[in-house]
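Trainee: Could we go through this chain together? I would like to start with the overall picture and then turn to details.

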Amino acid sequence: TRQSLQSLQRLSSAGVGMPKTVFTNFGQHTDAILKMVDGPPVVIKVLEGTQGIGVNLAEDFDSAQTILEAYNTMQSRVIVQEFIKEAGGADLRAFVVGNRVVGAMKRQAMEGEFRSNLHRGGTAKQIKLSREEELTAIGAAKSLGLGVCGVDLLQSARGPLVLEVNSSPGLEGIEGATNFNIAREIIKFIEQSV
C-alpha cells in the first residue's frame with residue numbers, strides 16, 4: 001500500500017540501514033531496476049503482501065524478468081530488494097514498546113525456503129540482540145512515530161538492516177518464543193501515555 005511505500009521512504013530519509021530497495025510501478029526496464037539493487041539475486045515483493053505471500057526470490061535475470069512481467073500484467077506494484085545472502089534465511093523480529101525492545105526472536109526459514117515467516121513453516125527462538133541491532137530497531141520505530149511495533153531485521157555484513165516495520169504485529173509468535181508477557185508491556189505503555 002501507499003503507507004508501506006511511505007514507511008520505506010521515511011526509514012531511508014532517517015538514515016536507517018535497509019537493503020537496497022527500488023519501488024516499481026509496472027516498470028518495464030528490468031535491467032536498470034536490477035542494477036540499482038546490485039542483483040540478481042533479488043527479492044521481489046508485492047507492495048500489498050503479508051505473511052510472505054507475494055514475496056519471490058529471483059536468482060537470475062531471466063526469473064526476475066518473468067516475475068516482474070507477471071506482476072506488471074496483473075498491475076501489481078512491487079518492491080525489488082537486494083538479497084542479503086549472509087542472513088541465511090533468517091531474520092530477527094524486535095518488538096519495540098516505547099523506547100525499548102521488550103522482546104526479540106530469530107526466525108529461521110525451513111530448509112529450501114528463504115522466507116522465515118512462521119506461517120510458512122519457519123521456526124522461532126528467543127535471541128539477545130546486539131546493541132547495534134537494538135538501536136536500529138528503536139531508531140526505525142522512532143522514525144515512523146510508532147510507540148508499539150515489530151521491527152524485522154536482517155543480519156548483514158554491513159550491520160543490521162531493517163526489512164520491514166509492522167505497526168500491528170501479532171503477539172503469539174514472539175510471546176511463545178520469548179516466554180514473556182509482551183501484552184502486559186503494551187498495556188503499561190498505553191497507561192503511561194494516557
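This is a predicted model: local features need pLDDT of at least 70, side-chain atom pairs count only at pLDDT 80 or more; totals for chains, interfaces and linings use all residues.

Trainee: How many helices and strands are in the chain?

Mentor: The chain has six helices and nine strands. Helices (H or I, at least four residues) and strands (E, at least two) are DSSP runs, numbered from the N terminus.

Trainee: And what share of the residues counts as buried?

Mentor: Of the 194 residues, 45% count as buried. Buried means under 20% relative accessible area, exposed over 50%, and partly exposed in between, with a 1.4 Å probe and protein chains only. Among contacts (heavy atoms within 4.5 Å) between residues at least 6 apart in sequence, 60% join residues at least 24 apart.

Trainee: Which residues have the most contacts inside the largest nonpolar core?

Mentor: They are Leu11, Val151, Val162 and Val165, in a core of 23 residues. Helix 1 (2–13), strand 5, strand 6, helix 4, strand 8 and strand 9 (159–166) each supply at least two residues of this core. The largest share, four residues, comes from helix 4. A nonpolar core is a set of buried Ala, Val, Leu, Ile, Met, Phe, Trp, Tyr and Cys residues joined through side-chain atoms within 4.5 Å.

Trainee: What does Val162 touch, leaving out residues up to four places away in sequence?

Mentor: Its contacts include Leu11 and Val151, and also Thr136 and Ala140. A second, separate core of 14 residues includes Val22, Ile33, Val37 and Val42.

Trainee: Where does Val42 lie?

Mentor: Val42 is in strand 2 (residues 42–46). With 0% relative accessibility, Val42 counts as buried. Val42 and Glu82 are 40 residues apart in sequence, yet 5.0 Å apart in space, C-alpha to C-alpha. Not counting residues up to four places away in sequence, Val42 touches, among others, Leu34, Val37, Ala64 and Val80.

Trainee: Val22 was also in that second core. Which face of strand 1 is covered?

Mentor: In strand 1 (residues 21–24), Val22 and Thr24 make up the covered face, and Thr21 and Phe23 the uncovered one. Strand 1 runs antiparallel to strand 4 (residues 78–82), and four bridges join them; two strands pair if DSSP finds at least two bridges between them. Thr24 stands opposite Val78 in strand 4.

Trainee: Back to helix 4, then. What span does it reach?

Mentor: Helix 4 (residues 131–143) has 13 residues and reaches 18 Å from its first C-alpha to its last, close to the 18 Å expected at 1.5 Å a residue. The expected span is 1.5 Å times one less than the number of residues. Its buried residues include Glu133, Glu134, Ile138 and Ala141. Gly145, with a positive phi near 70°, follows helix 4.

Trainee: What does Glu134 touch beyond four places in sequence?

Mentor: Glu134 touches Val101, Lys128 and Leu129.

Trainee: Which residues are buried in helix 6?

Mentor: Ile182, Glu185 and Ile186 are buried in helix 6. Seen down the helix axis, the buried residues fall within an arc of 100°, so they line one face of helix 6; the arc is that of the directions from the helix axis to the C-beta atoms. Their cover includes strand 5 (90–97), strand 6 (100–108), strand 8 (148–156) and helix 5 (172–178).

Trainee: Last topic: what is the phi of Gln75?

Mentor: Gln75 has a positive phi of about 55° although it is not a glycine. Most residues other than glycine have a negative phi. Gln75 lies in the loop between helix 3 (61–73) and strand 4, and counts as exposed at 59% relative accessibility. Asn179, also not a glycine, has a positive phi of about 55°.

How values were computed:
Residues are numbered from 1 along each chain as its sequence is written. Side-chain values use heavy atoms; hydrogens and water are left out.
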